[in-house]
Amino acid sequence: MIIFGTRAKYKTVDTGEFHCLHCGRTRAYEHKQAKTYFSLYFIPIFPIGEGGEFIECQTCHRSYALDVLNFKPSKPQADVARALTMIKTKLEGGYPIEYVVSDLTLQNYDRDVANNMVTMAVGAGRKVCPKCSLTYADTIELCPDDFERLELVENG
């Protein structure tokens, strides 16, 4: 019995960085070119056609048309200003810092960026609840959950 058919082979023609629409961040990519080969016993023997070109994200491995390289995301300055206002409101309302940082990381902010945004919103002063060990802005006097008086944490 003879087994034959076609099979695609991929060749990387370029690499670089682009804004991945799925990841929502700048990621490494490979520009790939596909060729269709006649195969005998699952071994590609000779090319029989072009399969096209595409961009593949090296993080999520999704494929995109070549024009994805032209996409430039908008500057997130308005989003950051809105996030800082939201952070300040939550923290001054007694929301724990750990929860705010967690919320920001779920919105695809890096943890260090989230911590810096908290500091920008309410300053570096912190208070901690001796009972639940959660950290609050230094303007909060009582833990909202345990009604314990908060202790000032030394910066350093």
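**Entry 1. Conventions**

I take buried to mean under 20% relative accessible area, exposed over 50%, and partly exposed in between, with a 1.4 Å probe and protein chains only. The model is predicted, so I note that local features need pLDDT of at least 70 and side-chain atom pairs count only at pLDDT 80 or more, while totals for chains, interfaces and linings use all residues. Residues are numbered from 1 along each chain as its sequence is written, and side-chain values use heavy atoms, with hydrogens and water left out.

**Entry 2. Salt bridges**

I looked up the salt bridges, each being a side-chain nitrogen of Lys or Arg within 4 Å of a carboxyl oxygen of Asp or Glu. How many salt bridges does the structure hold? I found five. Side chains of opposite charge can pair when their charged atoms come close.

I began with Lys88, which is partly exposed at a relative accessible area of 38%. Its side chain meets that of Glu92 in a salt bridge at 4.0 Å, N to O. Glu92 is also partly exposed, at 43%. I take helices (H or I, at least four residues) and strands (E, at least two) as DSSP runs, numbered from the N terminus.

I then turned to Glu141, which forms a salt bridge with Lys127, their closest N and O atoms being 3.0 Å apart. Glu141 lies in the loop between strand 6 and strand 7 (151–153) and Lys127 in strand 5 (residues 126–128), so this pair ties together parts that are 14 residues apart in sequence. Glu141 counts as partly exposed at 41% relative accessibility, whereas Lys127 counts as buried at 10%.

I also recorded a network in which salt bridges that share partners join Glu30, Lys32 and Glu56. Lys32 counts as buried, with 15% relative accessibility.

I placed Thr135 in strand 6 (residues 135–137). Is Thr135 buried or exposed? At 16% relative accessibility, I count Thr135 as buried. Its side chain makes a polar contact of 2.7 Å with that of Glu98. A polar contact is a pair of N or O atoms within 3.5 Å; within protein, one must be able to donate a hydrogen and the other to accept it, and residues adjacent in sequence count only if both atoms are side-chain atoms.

For contacts I use heavy atoms within 4.5 Å. Leaving aside residues up to four places away in sequence, Thr135 touches Pro96, Ile97, Glu98, Arg126, Lys127 and Val128.

Ser39 lies in strand 2 (residues 26–40) and is buried, at 5% relative accessibility. With residues up to four places away again not counted, the contacts of Ser39 include Ile3, Phe4, Pro44 and Ile45.

**Entry 3. Aromatic rings**

I looked up aromatic pairs and found that the structure holds five. Rings of Phe, Tyr and Trp (its six-membered ring) pair if their centres lie within 6.5 Å; planes under 30 degrees apart count as stacked, over 60 as edge-to-face and the rest as tilted. The rings of Tyr10 and Phe54 are edge-to-face, because their planes stand at 80°, with centres 5.8 Å apart. Tyr10 belongs to strand 1 (residues 4–19) and Phe54 to strand 3 (residues 43–57), so the pair ties together parts that are 44 residues apart in sequence. Tyr10 is exposed at 53% relative accessibility, whereas Phe54 is buried at 17%.

Phe38 and Phe46 are stacked, because their planes lie at 25°, with ring centres 5.3 Å apart. I count Phe38 as partly exposed at 25% relative accessibility, and Phe46 as partly exposed at 41%. Phe18, Tyr29 and Tyr64 form one aromatic cluster.

I also checked for charges over rings (NZ of Lys or CZ of Arg within 6 Å of the ring centre and within 35 degrees of the ring normal). The charged end of Lys9 sits over the ring of Tyr37, 5.2 Å from its centre. Lys90 lies over the face of Tyr95, at 4.8 Å from the ring centre.

**Entry 4. Nonpolar cores**

I define a nonpolar core as a set of buried Ala, Val, Leu, Ile, Met, Phe, Trp, Tyr and Cys residues joined through side-chain atoms within 4.5 Å. The largest has 15 residues, and Ile87, Leu91, Val100, Leu104, Met117, Val118 and Val122 touch the most other members. Helix 1 (77–92), helix 2 (97–106) and helix 3 (111–122) are the elements that give two or more residues to this core. Helix 3 gives the most, with five residues.
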